[in-house]
Amino acid sequence: MKRIICIFIFSIFLCPANGQKEVDVVIVGGGAGGTSAGIQAARMGASVQIIEKTIWLGGMLTSAGVSAIDGNHKMPSGIWGEFRQKLYDHYGGPKAVATGWVSHTLFEPSVGKSILTEMANHPNLDIVYEASYGNVQKVDGKWLVHYKKDGKSFTTKAAILIDATETGELLPLVGADFRLGMDSKEDTGEKEAPENSNTIVQDLTYVAILKDVGDARSRKGLVKKPKNYNPEEYACACKREEGEMFGSVADCDQMLTYGKLPNKKYMINWPNCGNDFFVNWPELSKVEQEEILKKAKAFTQGFVYYIQNELGYKNLRLADEFPTKDNFPMIPYHREGRRAKGKTFLVVDYLERPYDFQLYKTGIAVGDYPIDHHHDKNPDTPKIEFINIKVPSYSIPMGSLIPEKGDNFLVSDKNISVSNIVNGTTRLQPVVLGIGQAAGTIAAIATKEKKRTSEVSIRKVQQSLLESKAYIMPFIDVAPDDMAFGAIQRVAASGVLKGYGVPYKWANETWFYPKRIVSEFELKNGLLPLYPQLKSEHASGQGVTPTFLAGLLGKIDEKITMETIKEVWSLTGMEIAFSPSAQLDRRTVSILVDKLLNPFDIEVDFDGNFK
């Protein structure tokens, strides 16, 4: 009896209480950013838990049905590139997923969910589905997230908390400062911003997935006419005039093939007299939000009814794509939410002219989509031609993921520290996957080194991302499988050699031009901010040669000679034969500078200034 009592007492003190769990990192939200963050942190050795309200991972990619990828086709960065390759493997290659004209990569949401679930299958990663979080608090330096599942209460304790919700739900709960709605010119310094700020957010969309069932006799998948149905609201869906960015739409077949998916399915996420819907959710209570979201879903049901009955496409039926009773997605597609006030604030000027500033040196994710806002359903929105704000492909600074307030708290979805205008491009799926991967990297390094997230080395985060085949610089002409990829990314992030940005249609560009010859003057000017001792060195406009390189780098480190250059040349498998007088291209110079000098080893602060 005494032994039983002793065991009982021993268990009280040493065993965790029922419903409690402790991990290194807890992530609220298993959307695109949260899933990516969880995968990356777990792979880097951290113990991680994701608390997700639905029964799927992926958020907008899957649970919201937005399964046509917007952007980053030529930048298959990290987890996004891995996800896309698995889509290729599943469907049979790139052509098999280029089914609709809006994107190079379209897929069935259920397939995307299965792939993400497979990728997230890691012993360090615990996923709690169908869980609703409640209170979030910090006690003795640790985060406590209280949540409910199956009517039972649970608590997770963690060193680091990541807000990966679709609308930045945790920001007000943890006391972090945030922005919401449209910023004013005074707030951001952006000439394109409205004169006055407001709380207007972008239209959201309840997507629908339809399937072509041919000449079906049953009524399965035909939707009922919703209450208050008005066909006039959809009357111009099949007609769109030619625009600078968006081409004309001549007929209904063209409208539908916009989001054509594999296996005879269609994503209905149509902005032109389609199923976008304005919800002023920042001004509504939770109950009011739920009620108006029902109206948003009914509006999409009306559009499907219009397609089936007014347009005559009764062969297109609501697909059994989602584990819901009505076959609509589990969540709406939110394009915008609360945006944290972070260590850095990414405004459109940094995107338009990246090399006029230093933030590019702190890049941790990349994007190339135009600035695309959806405001057609709210007549009170200030009229701004967002799509005409021209930017090249860009990097997102690490400081945008780290809120000013709240140590060991990160954001990893559409809630990062950017302006309202910039959110129009950073909100897209592959960018958010990259943001999540970076947040997971920051969290894993902070855990391993027992540092606060704000103390983690930017260069260590960037190097870890490069080792995961992720981009930190937005170059479309140097792929991760190029042996020089890491060297080029590091040298460019150090400011030694710069890219050339080109705003271009729906896939903006930044070119590195690896085969272009580097002039002596270009190289010296690129190295000068890091090595001021080069100021008095002469440099002409002719191409850099090994002879010039040995002389210039020897002024920085006397151990660098022609012999050391020859040695690096032979070890790295250069594409051209060694000659002291050979003019060197940007790829070759990047490899040599990276190996001989390693300028990337010089730390930068959140503003991109060298420490």
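Residues are numbered from 1 along each chain as its sequence is written, and side-chain values use heavy atoms, with hydrogens and water left out. Because the model is predicted, local features need pLDDT of at least 70 and side-chain atom pairs count only at pLDDT 80 or more, whereas totals for chains, interfaces and linings use all residues.

**Exercise 1. Describe the largest cavity and its lining.**

Step 1: On a 1 Å grid over the protein atoms alone, a cavity is a set of points where a 1.4 Å probe fits but cannot get out, a pocket is an open set with protein on both sides within 12 Å along at least five of seven lines, and lining residues have an atom within 4 Å of a point. Grid points are joined across faces, edges and corners, and a volume is the space filled by probe spheres set on the points.

Step 2: count and size. There is one cavity of 30 Å³ or more, and the largest cavity holds about 70 Å³ of space.

Step 3: locate the lining. Residues lining the largest cavity include Asn72, Trp80, Ile364, Pro430 and Tyr471. At least two lining residues each come from β15 (363–367) and α12 (429–449), where helices (H or I, at least four residues) and strands (E, at least two) are DSSP runs numbered from the N terminus.

Step 4: classify. Ala, Val, Leu, Ile, Met, Phe, Trp, Tyr, Cys and Pro count as nonpolar, Asp, Glu, Lys and Arg as charged, and the others, Gly among them, as polar; the lining of the largest cavity then divides into eight nonpolar, four polar and no charged residues.

**Exercise 2. Describe the second largest pocket and its lining.**

Step 1: size and centre. The second largest pocket contains about 1100 Å³ of space, and of the 36 residues that line it, Lys53, Glu169, Lys286, Leu293 and Ile331 lie nearest its centre.

Step 2: elements. Two or more lining residues of this pocket are given by β4 (132–139) and by α9 (286–310), and α9 provides the largest share, six residues.

Step 3: classes. The lining of the second largest pocket has 14 nonpolar, 12 polar and 10 charged residues.

**Exercise 3. How are the rings of tryptophan 101 and tyrosine 258 arranged, and which parts of the chain does the pair tie together?**

Step 1: the rule. Rings of Phe, Tyr and Trp (its six-membered ring) pair if their centres lie within 6.5 Å, with planes under 30 degrees apart counted as stacked, over 60 as edge-to-face and the rest as tilted. The count by this rule is 21 aromatic pairs.

Step 2: geometry. The ring centres of tryptophan 101 and tyrosine 258 are 5.2 Å apart and the planes stand at 80°, so the pair is edge-to-face.

Step 3: position. Tryptophan 101 is in the loop between α4 (94–97) and α5 (109–119) and tyrosine 258 in the loop between α8 (252–257) and β10 (260–261), so the pair ties together parts 157 residues apart in sequence.

Step 4: exposure. Buried means under 20% relative accessible area, exposed over 50%, and partly exposed in between (1.4 Å probe, protein chains only). Tryptophan 101, with 39%, is therefore partly exposed, whereas tyrosine 258, with 11%, is buried.

**Exercise 4. Characterise the pair of tyrosine 234 and tyrosine 306.**

Step 1: geometry. The pair of tyrosine 234 and tyrosine 306 is tilted, at 5.6 Å centre to centre and 45° between the planes.

Step 2: position. Tyrosine 234 belongs to the loop between β9 (208–212) and α8, and tyrosine 306 to helix α9, 72 residues apart.

Step 3: surroundings. Tyrosine 234 is buried at 2% relative accessibility, as is tyrosine 306 at 9%. One aromatic cluster includes Tyr234 and Tyr306 together with, among others, Phe299 and Phe303.

**Exercise 5. Which backbone atoms do the side chains of histidine 373 and glutamine 462 reach?**

Step 1: the rule. A polar contact is a pair of N or O atoms within 3.5 Å; within protein, one must be able to donate a hydrogen and the other to accept it, and residues adjacent in sequence count only if both atoms are side-chain atoms.

Step 2: histidine 373. This residue, in the loop between β15 and β16 (394–397), is buried at 12% relative accessibility. A polar atom of the histidine 373 side chain lies 3.2 Å from the backbone oxygen of isoleucine 421, and the side chain of histidine 373 reaches the backbone nitrogen of glycine 424 at 3.5 Å.

Step 3: glutamine 462. Glutamine 462, in helix α13 (residues 458–467), is buried, with a relative accessible area of 0%, and its side chain reaches the backbone oxygen of lysine 361 at 2.9 Å.
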